[in-house]
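Subject: Structure handover

Hi,

Here is the structure I said I would pass on.

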Amino acid sequence: MTAQTDTTGPVTTVYKVSGMSCGHCEGAVSGEISQISGVSSVTAVASTGEVTVVSTTPLDDEAVRAAVDEAGYELAGKA
């Protein structure tokens with residue numbers, strides 16, 4: 001008999017975003033990604049180009065890409 005564990009809990013994903021250079025950039029990217037359903041927190045760091053997203057379920061990469069595009073930046077992939 002195989003037991004399947006239901007792993008519920010936050011999912012943390014780190015994305016690389018190109019073009020961020022300041023606090024305003026961080027806020028723009030964070031604001032757009034925060035609007036994706038299931039996102040509970042977003043931390044963008046311009047100096048590293050990394051955006052850490054905590055969500056209730058894994059996010060659709062295309063939804064994240066669209067949000068980053070809307071903010072005026074480019075999603076370079078996952079870190």
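Before anything else, one term: when I say that two parts touch, pack or are in contact, I mean heavy atoms within 4.5 Å. With that in mind, the buried residues of helix 2 pack against strand 1, helix 1 and strand 4. Buried, by the way, stands for under 20% relative accessible area, exposed for over 50%, and partly exposed for what lies in between (1.4 Å probe, protein chains only).

Some housekeeping. This is a predicted model, where local features need pLDDT of at least 70 and side-chain atom pairs count only at pLDDT 80 or more, while totals for chains, interfaces and linings use all residues. Residues are numbered from 1 along each chain as its sequence is written, and side-chain values use heavy atoms, with hydrogens and water left out.

Overall picture

The protein has two helices and four strands, and from the N terminus the elements come in the order β-α-β-β-α-β. Helices (H or I, at least four residues) and strands (E, at least two) are DSSP runs, numbered from the N terminus. Along the principal axes, the C-alpha atoms fill a box of roughly 55 × 20 × 20 Å. Of the 79 residues, 33% count as buried. If you take the contacts between residues at least 6 apart in sequence, 64% of them join residues at least 24 apart.

How are the four strands arranged? They form an open sheet in the order 2-3-1-4, with antiparallel pairing. Two strands are paired here if DSSP finds at least two bridges between them. Strand 2 and strand 4 (74-78) are the edge strands, each pairing on one side only. On average, neighbouring strands of this sheet are turned by 30° against each other, direction ignored. For the angles in this email, axes are lines fitted to C-alpha atoms (for helices over the stretch in contact), and angles run from 0 to 180 degrees between N-to-C directions.

Strand 1 and strand 3 are joined in the antiparallel sense over six bridges, and Tyr 15 stands opposite Val 51 in strand 3. Strand 2 and strand 3 also pair antiparallel, over six bridges; there, Val 42 faces Val 53 in strand 3. The hairpin of strand 2 and strand 3 has four residues between the strands, and Gly 49 takes a positive phi near 75° in it.

Thr 13 is a residue of strand 1, and it counts as buried at 14% relative accessibility. Leaving aside neighbours within four places in sequence, Thr 13 is in contact with Val 51, Thr 52, Val 53 and Lys 78.

The helices

Helix 1 (residues 23-34) has 12 residues and spans 16 Å from its first C-alpha to its last, close to the 16 Å expected at 1.5 Å a residue. That expected span is 1.5 Å times one less than the number of residues. Which residues of helix 1 are buried? They are Cys 25, Val 29, Ser 30 and Ile 33. Seen down the axis of helix 1, they fall within an arc of 125°, so they line one face of the helix; the arc is that of the directions from the helix axis to the C-beta atoms. These residues pack against strand 1 (11-18), strand 2 (39-45), strand 3 (50-55) and helix 2 (61-71).

In helix 2, the buried residues are Val 64, Ala 67, Val 68 and Ala 71. They lie within an arc of 95° seen down the axis of helix 2, so here too they line one face. Helix 2 lies across strand 1 and strand 4, at about 150° to strand 4. After helix 2 comes Gly 72, with a positive phi near 100°.

Cysteines and a loop residue

A search of the whole structure for disulfides (a pair of cysteine sulfur atoms within 2.5 Å) finds zero. The sulfur of Cys 22 has its closest cysteine sulfur in Cys 25, 3.4 Å away, which is too far for a bond. Cys 22 is partly exposed at 33% relative accessibility, whereas Cys 25 is buried at 5%.

Lastly, Asp 60 sits in the loop between strand 3 and helix 2 and is partly exposed at 49%. Its C-alpha is 9.5 Å from that of Ile 36, and the two residues are 24 apart along the chain.

Cheers
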